[in-house]
Amino acid sequence: MNTSWYQDALTSSLETSKWEHIPIVIFEQPRLAATRVAQEIADLVRHREADGLKVVLGLATGSTPIFVYQELARIHREGLSFRNVITFNLDEYFPISADHAQSYHRFMREHLFDHLDIPENQIHVPDGEIPRGDMAATCERYEKQIAEAGGIDLQILGIGRTGHIGFNEPGSSRRSGTRLIHLDRLTRLDAIKDFQSEELVPRTAVTMGVKTILQARRIVIMAFGEHKAPIVARAVEGEVNAEVTATYLQDHEDCLMVLDRAAASQLTRIQTPWLVGPLHESGLSWNDSMLRRAVNWLAQKTNKAVLKLTDEDYNSHSLQELLSQHGNAYEINLRFFRQLQNTITGWPGGKPPSDDKTPVVQPRCLRGPSIAVYPKRILIFSPHPGDDVLSMGGTLLRLAEHKHDVHIAYQVSGSDSVKDEVLQRYLDFHEQVGGVPLPKDRSDARQLRTLKATICRAEARAAARVCRVNPDYLHFLDLPFYEKVGEQYRQVSPEDITMTARLLDKIMPHQIYAAGDLADPHGTHRICLEILTQALKQCSGQRWFAECEAWLYRGAWSEWPIHEVDMAVPLSPSEVATKGRAVFQHESWKHRVTMFSKDAGEPGKPSADAAYATSRQFDALGMPDYEAIETFHRWALR
Ligand code: F6R
């Protein structure tokens, strides 16, 4: 089944075959990737139907395949029947009832089976309710059913951050079959987003084995988001071993890995392309961004400050090409040093005009026709309430202190991140102080979400007060995509875009800040950025747009890599402390945040440590040693 995109993938992996041991195809956006995978499934279903044959699909759950399933539902609505499809799901939590909100039975119904016409008796999902004593026999039966169906034609996989495929956690043997398995701690931490707290995440699961998966005739494994980048690189480039079970896929004859740009970002060909071969051979060039990427890498590798790197360092680390372009190491070092130095500014909104009319030298990293406007109208887009202070709280504080008009738009309600027990505490308090009686009925999901959103708003207002932002300048957009469930889950509608465009037109900002992190595992940040991009397109004819400058922040999950930093705002120790106070106003999701722990904290948690880590990096490169630094990437609007 050689569709053209699969051919592309093979070609690109041949060029990099010394490094990559699984063919890869990279898409700009997860949705594009998902559409291609859905197309492949639909083609297979169509061809088999034409030949009067059945097709056996192995299916995964989790956030990764959701867009694929949405696309399949759309293809079905347009007329393709899936009645010739037999499905086998990879796994199910154990013990769990099929109707539990987090069971994979329910997930599959809501996201796929309810929207297709696969006959009920052709659907198989491992049973999470069987008595423990029947486990071995039930697992054996599952294997038998797969064999009787003729084996799996196409297996869809995601990859966990432990490198698991299915729930085959580190240590799983290549010969393992369907069985009960203990979940890795990291996997359970990642599941908190669904189960609300760690204690509620099951400790075990039933999973198809590695052998079962490898027997599939074709495998398509997908990974989206920067949080998957390290494990993707290990799975594709690392040695085959039980530590990362996805490495077993390297031995499969017909496996394809489908990635978005963020998940591919730690592959050698992307992270250090000079190690793969001359840059022009991969269509790349030694532009400033590539130079910064290389010099930063070399400084880390040699453990030297940039200005101390020598010709020998460049030569012995596959950077001869760069060296010959610039003549000598010192030229390159200085170029890097000046560029990075010019990103540093304590005046993110620009400097005020001077009293005595002497010309003001504006920060070199700021540009745009409105550079001299003071004070500026500034609009900060925060996906969830809290992302603003967590990621750029220090900069926010500065902008407010410099008397700019700082507006903050909270894009989604944030209700998903408020635990039931937090809501319960608020409701109790409300009852105790004799407020309006609140509904005892906890089954109205919509009302619970509204109440949780109210908590998020109160916390956002408290955090804004700490940062001295005018509470009248807070805008709670409550974008509708975030509230959607089932087949519509996370689907963007024109309303999301119109609401955002309307706010932009109302504020007419001189500066915009938006979350540009592709590491958020829930995908919400990515969708919020997509919506903002569309909204800005709608506004592109407006006068204010021509004068507007935009910055992308990260921070909560990881900071910008040095080569992508265009503005660096240093924070003093007292600003760091105030930022901490602002973050802690978001009590309802404090359990999810690692704040200033000075160590890595819980894996998978967003963290304000990133600003510390960046300042350590600047220091190691030979730049000034600040307490913390928040970084921004220029977002070219025009
Ligand atoms: C799900 C499964 C798992 C997931 C993996 C990634 O059926 O078997 O291996 O594919 O944990 O999960 P997401 O897609 O939620 O990142």
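1. Cys539 is buried in this predicted model, with a relative accessible area of 0%. The sulfur of Cys539 lies 9.6 Å from the closest cysteine sulfur, which belongs to Cys548. That distance is too far for a bond, given that a disulfide requires two cysteine sulfur atoms within 2.5 Å. Cys548 is likewise in no disulfide, and its nearest cysteine sulfur is that of Cys539. Cys548 is also buried, with a relative accessible area of 2%. The structure as a whole holds zero disulfides.

2. In Thr64, a polar side-chain atom is placed 2.4 Å from an oxygen atom of the ligand. Gly166, by contrast, is represented by a backbone N or O atom, which lies 2.7 Å from an oxygen atom of the ligand. On its own the ligand has 410 Å² of accessible area, and the protein covers 90% of this.

3. Gly486 is found in a loop, with strand E13 (474-476) on one side and helix H18 (494-507) on the other. This glycine is buried, at a relative accessible area of 15%, a value that falls under the 20% limit for that class. When neighbours within four places in sequence are left aside, Gly486 is in contact with Glu110 and His111.

4. Thr395 belongs to helix H15, which spans residues 387-401. Its relative accessibility is 0%, and Thr395 therefore counts as buried. Which residues is Thr395 in contact with, once its neighbours within four places in sequence are left aside? They are Pro348, Val569, Leu571, Glu630 and Phe632.

Notes:
Residues are numbered from 1 along each chain as its sequence is written. This is a predicted model: local features need pLDDT of at least 70, side-chain atom pairs count only at pLDDT 80 or more; totals for chains, interfaces and linings use all residues. Side-chain values use heavy atoms; hydrogens and water are left out. Buried means under 20% relative accessible area, exposed over 50%, partly exposed in between (1.4 Å probe, protein chains only). A polar contact is a pair of N or O atoms within 3.5 Å; within protein, one must be able to donate a hydrogen and the other to accept it, and residues adjacent in sequence count only if both atoms are side-chain atoms. Accessible areas come from the Shrake-Rupley method with a 1.4 Å probe; for residues, only the protein chains shown count as cover. Helices (H or I, at least four residues) and strands (E, at least two) are DSSP runs, numbered from the N terminus. Contact means heavy atoms within 4.5 Å.
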